[in-house]
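Please have your viewer open as you read.

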Amino acid sequence: MPIRISGGDRKDHFHILLDRQSALDIGAFVVDGVDLSPGTAIPSDGDRRIDHALQGFFFTCGPDHVRHPEPVEGRDDERTFPLHGSLCGTPVGENQISQPGEPPSCIARTEVPLANGGRASVSRRWAVSPDNREVTLSDRVTNTGDTPFAPMLMYHMNIGGRLAGVETQICGTMFGDEKRGWRFGEGDRGLFCVPATPGAEDGWAQVVLGPFEALAGRSLVVRFSTGTLPFLQIWRCQIGAANVIGIEPVSHRLAKRTELAASGEMPMLDPGQTVEYALAFQVR
C-alpha cells in the first residue's frame, strides 16, 4: 500500500501517494481531485521499472547514473549503467510516517546495489512545509560500499500533457524575464538542459509550469537547491498516445559520462562520504 501525505486547506487540499516499492517516489500528486501525473500516457523505453515510474508524478534517477545507458567505467564485460540509474524500482527498507497531530512527513532509507558493484544508501524525508502549502524533499546519498563512485542524480517530475493548454508556459529564475511555450522544440517532442544557477536566490532556483485550466488557473511551482542540482532539464513527448511534460532538476549537464569525466565534472564519493539534495513543489 502507498503512503499518503496530505496538506493544504479545504479549498486547496492536496495529497501525495508515496511508493514503498520504488524508493519512496511519488505515484500521484492530487490537488482538489486532479492528479497531475500522466498515468499511462507515456512513451516506453523498454525498461519496466521506468515505464512504471513514468506513470507517476515523481521518480528519481541515480545515484550512479542518469539518462540513457552507458558503459560502466573500468570494465571489459560490456556491462552498462541501466536506464536512469540503479535506484528506480528499488523497494525502501525502514520507513516511518508522522503520527496524527504531528506535521505531515515520512522518512525512509533505501539500500541500492550500484551497477559498478558498489553500494549506496538513500536517506529520504518528505514533509509538508509549516504553512501547509508546499511539499519538501531532503535526500542524503551515502557511499556504503568499499570503492568510490561518482554520484549523479536527476528528479523526474512528470505532468500529464492533457492538463496543458494554449496559456500554459514555462518560466523560471534561470530564464530571466523570458517565458517559453510548453510545446517547445520541433514536432511531437522536445528537450533542453540549461544551467539553473543564473537568477537563483540564496542557492535555490525556481521554475513554474502553468497555468492549468483544470486547476482553476493555478500553476506548478518547483524550487530546488543548485548546490548539488545546478542544471534544469525539461522534456516533453506527445508521440502517439504519449502526452507528458517533465521538469527535471539534475546534477549534471546533458553530456556523455566520458565527456563529463574528462572535464572534471564527475567527482568521486569515497566510502562513508555523503552528498545531499533538496527540492520543493506546490500548486499555487
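This is a predicted model: local features need pLDDT of at least 70, side-chain atom pairs count only at pLDDT 80 or more; totals for chains, interfaces and linings use all residues.

Residues are numbered from 1 along each chain as its sequence is written, and side-chain values use heavy atoms, leaving out hydrogens and water.

**Aromatic pairs**
- You will find nine aromatic pairs in the structure; rings of Phe, Tyr and Trp (its six-membered ring) pair if their centres lie within 6.5 Å, with planes under 30 degrees apart counted as stacked, over 60 as edge-to-face and the rest as tilted.
- Phe57 and Phe281 form a tilted pair, because their ring centres are 5.2 Å apart and their planes stand at 55 degrees.
- Phe57 is in the loop between α1 (48-54) and β5 (58-61), while Phe281 is in strand β18 (residues 274-283), 224 residues apart; helices (H or I, at least four residues) and strands (E, at least two) are DSSP runs, numbered from the N terminus.
- Both Phe57 and Phe281 are buried (under 20% relative accessible area, 1.4 Å probe, protein chains only).
- Phe58 and Trp126 pair edge-to-face, because their centres are 5.1 Å apart and their planes are at 80 degrees.
- One aromatic cluster is formed by Phe14, Phe29, Phe57, Phe58, Trp126, Tyr155 and Phe281.

**Charges over rings**
- The charged end of Arg257 sits over the ring of Phe81, 3.9 Å from its centre; this requires NZ of Lys or CZ of Arg within 6 Å of the ring centre and within 35 degrees of the ring normal.
- Over the ring of Phe192 sits the charged end of Arg180, 4.7 Å from the ring's centre.

Note on methods:
Buried means under 20% relative accessible area, exposed over 50%, partly exposed in between (1.4 Å probe, protein chains only).
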